[in-house]
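Take a look at the model below. This report walks through a few of its parts, one at a time.

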Amino acid sequence: MICRRTILLGLGSSLTSPLWAQEQKRKVWDVIVVGSGVAGLSAACSALQSGAGSVLILEKSSVVGGHSILSTGYVAGIDRRRQERQGIVDSPELMLQNMLEIGGNKNDYELARIVCFQSESTINWLEELGVKWDEEIYQTVAGMHPRSHITSLVRAGYDYVITLLKYSLNHGASLKLKTKVIDLLTEKGRIIGVKAKNEQGQVRYIFGKSVILATGGFTANIDLRMKYDPRLGPEFPTTANPFGKTFDGATGDGLIMAQKLGAATKDTEYIQLIPFWGGRLLDYVGADIFVNLEGRRFVNEGGPWKEVSEAILMQPQQEMWAITDSQSKKGASLGIKLINKVIKKADTIEEMASQMKVSPQILRNTLETYNINAKEGKDPLFGKKLFTQTIDHPPFYFGREKLGVHFCCGGVRFNKNAEVINTEGKNIPGLYVCGEASGGPHGHDRMGGVALMSAFVFGKIAGYQATLFSAGTQFRTKS
C-alpha cells in the first residue's frame, strides 16, 4: 500500500519540484483496470457503456488475455431460446442448485445467485458486443446440466478476449502492455491510483478515481498456493503451463496488493486440480471414459472436478488414461497432440491395450460394459448420467493424464457490487475485484463453465459500479 504522503516524500521535499509538477499534469483516469483477461475486459466494456470518460487497461504480460485466452471457453448460462430448441429444460434456480451442490454449499449464496440469475442477460450482452455463439448447447465436464455455450471448439477463449478487446479499444479505452502494477495508491482509506513498473524497471504513479483488480488467481505462485494448500508443491504444474515452458502470470498480484490494504479473503484454501497433461481431448461430458493404469474405470467422468481429482489422487501413480473414439467432437489440438505423441491412436482394443500396457481382456470388458450402460443411459458403477455416444467406432484416441493446478476458487472477498471488502466487513472505497482474483461465488469447487460466466457477470458489474463511484469522486493529484 502506498499513501499520498509516501508519494510526496518519494517525489521530493517541495511540492514545486519538477517531478511533482510533472505528476500534477498527469491524467486522472476514471477507471483503471488491472488485467486483460475476460474479467478485466468485461469491466472495461461495461465502464465505457456506463459513461466512463477514460478507461485504462494495464497488463503485465506482452500479450493480452491471461488465462482466458488459453481457455477451451465453455460458458455456463441460461439461454432458453437455444436450450428449448434442443429440448433442454433449465432455470436460474436449477443452475444455482447445481452451483451450490458443486461448491459444497460453502458458496457465498448472494454472489452465486447473482451469477445464475444474470447469466442469461450476460449471454445476450456478450452477443451484443460481438460474441458469436454456436447454436448447440453442451454439458461441459463438471457442468451438471447442458447449459454451456461456446463459440468454437477450436479457440473460444481467444474469441472472447479479442471480441471484448476490440469493443473496448474501439470505444475509447487505452491499453498498456508490459506494465506490472506493483502497489495501490490510497488517500484517507480510498483508492487514488496504482504504482506500476514497465519492462525497463521504471516506476510511475498512475492516478485513477477507481481501480478494478482483474489480475487472475495465484495458481503459478507455488509459495502462495502452498500457504493455503500445503499439498500443492512444485511437482504439480499449472494447466496454463503444464510443461514449464511458457509464461504463466497467475501469481496472485491482486490478492497480495489488496491484503496490504486490509482486504479480507474468501475460500483461498480451495484450489482446483484437473487432469490437464494433454491426454484429454474433450471438455464435454458423454463421449469419453477415464480408466486407471490397469484399464478399469474408477470415477464418474461427468462428476465434479473435486470428485474426479480426488479419485485420481487415490490411484497408485496419480495418473489415468482418457479414451474416446472417432465419433466425438475434437478440437484443433488433435493433430499437434498426435504429432507430439501426447495422444495415441489405435484401430483395435488390443492395439490400444498394448500401447497402454494393460490387459486387453480387462480393457475390452471395461469398454463393453460401458457401452452397454451408455445405450441404456445408466451407470450402476459410478452414477454417470449423461451419455452422448458409445465408444466403439475405431480409431480409438487415448492419452495419459495427470493432475495440474487449474483454478483458485477463492481470493479477495467482495460484495454484490464487486467492491472489495476489508477484514472489518467494510468496502474499500474505489477498489473493485472480479474474475479469479475474487472469492465467494464458487465454494470449495467450481462448476464447469461457471468460471468464465462469473468473470463476465462481475466484470460487467465492476465496470458499472466503478464508473458510478468515479462520477461522484472529487479528485486532485495534489494535497
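Which residue takes a positive phi just after H5? Gly 104 does, with a phi of about 65°. Keep in mind that this is a predicted model.

**Helix H5**

Helix H5 spans residues 92-102. Its buried residues are Pro 92, Met 95, Leu 96, Asn 98, Met 99, Leu 100 and Ile 102. What covers them? The cover includes strand E5 (75-76) and the helices H6 (109-117), H7 (119-129) and H15 (450-471).

**Where H7 meets H15**

Two packed helices are described by the angle between their axes and the distance between the axes. The axes of H7 and H15 come within 10 Å. They cross at roughly 80°, which makes H7 roughly perpendicular to H15. From H7, the contact uses Ser 119, Thr 122, Ile 123, Trp 125 and Leu 126. From H15, it uses Met 453, Phe 456, Val 457 and Lys 460. By class, that contact has six nonpolar, two polar and one charged residues.

**The sheet**

Now turn to an open sheet of six strands. The order is E7-E4-E3-E11-E20-E19, and the pairing is mixed. Strand E7 (174-176) and strand E19 (419-421) stand at the edges. Each has a single partner strand, so one side of each is left without a neighbour in the sheet. On average, neighbouring strands are turned by 35° against each other, direction ignored.

H15 packs on this sheet. The helix touches E3 (31-34), E11 (211-213) and E20. The direction of H15 makes about 145° with that of E20.

How many bridges join E19 to E20? Two do, and these strands run antiparallel. E20 covers residues 427-433. Within E20, Tyr 432 is the bridge partner of Glu 419.

**Ser 210**

Ser 210 lies in the loop between strand E10 (203-208) and E11. Is Ser 210 buried or exposed? Ser 210 has 0% relative accessibility, so it counts as buried. Beyond residues up to four places away in sequence, Ser 210 touches Asp 30, Val 31, Ile 32, Gly 430, Tyr 432, Ala 466, Phe 469 and Ser 470. Its side chain also reaches two backbone oxygens, listed here.

| Side chain | Backbone oxygen of | Distance |
|---|---|---|
| Ser 210 | Asp 30 | 3.0 Å |
| Ser 210 | Ala 466 | 3.5 Å |

Sequence and space can be set side by side for one pair. Ser 210 and Leu 224 are 14 residues apart in sequence. From C-alpha to C-alpha, Ser 210 and Leu 224 are 27 Å apart in space.

Notes:
Residues numbered from 1 in each chain as written. Predicted model: local features only at pLDDT ≥ 70, side-chain atom pairs only at ≥ 80, totals over all residues. Heavy atoms only, no water. Buried < 20%, exposed > 50% of the residue type's maximum accessible area, 1.4 Å probe, protein only. Helix = DSSP H or I, 4+ residues; strand = E, 2+ residues; numbered from the N terminus. Contact = heavy atoms within 4.5 Å. Pairing = 2+ DSSP bridges. Axes fitted to C-alpha atoms, helices over the stretch in contact; angles between N-to-C directions. Parallel < 35°, antiparallel > 145°, perpendicular 65-115°, else oblique. Nonpolar A, V, L, I, M, F, W, Y, C, P; charged D, E, K, R; others polar. Polar contact = N/O pair within 3.5 Å; in protein donor to acceptor, adjacent residues only side chain to side chain.
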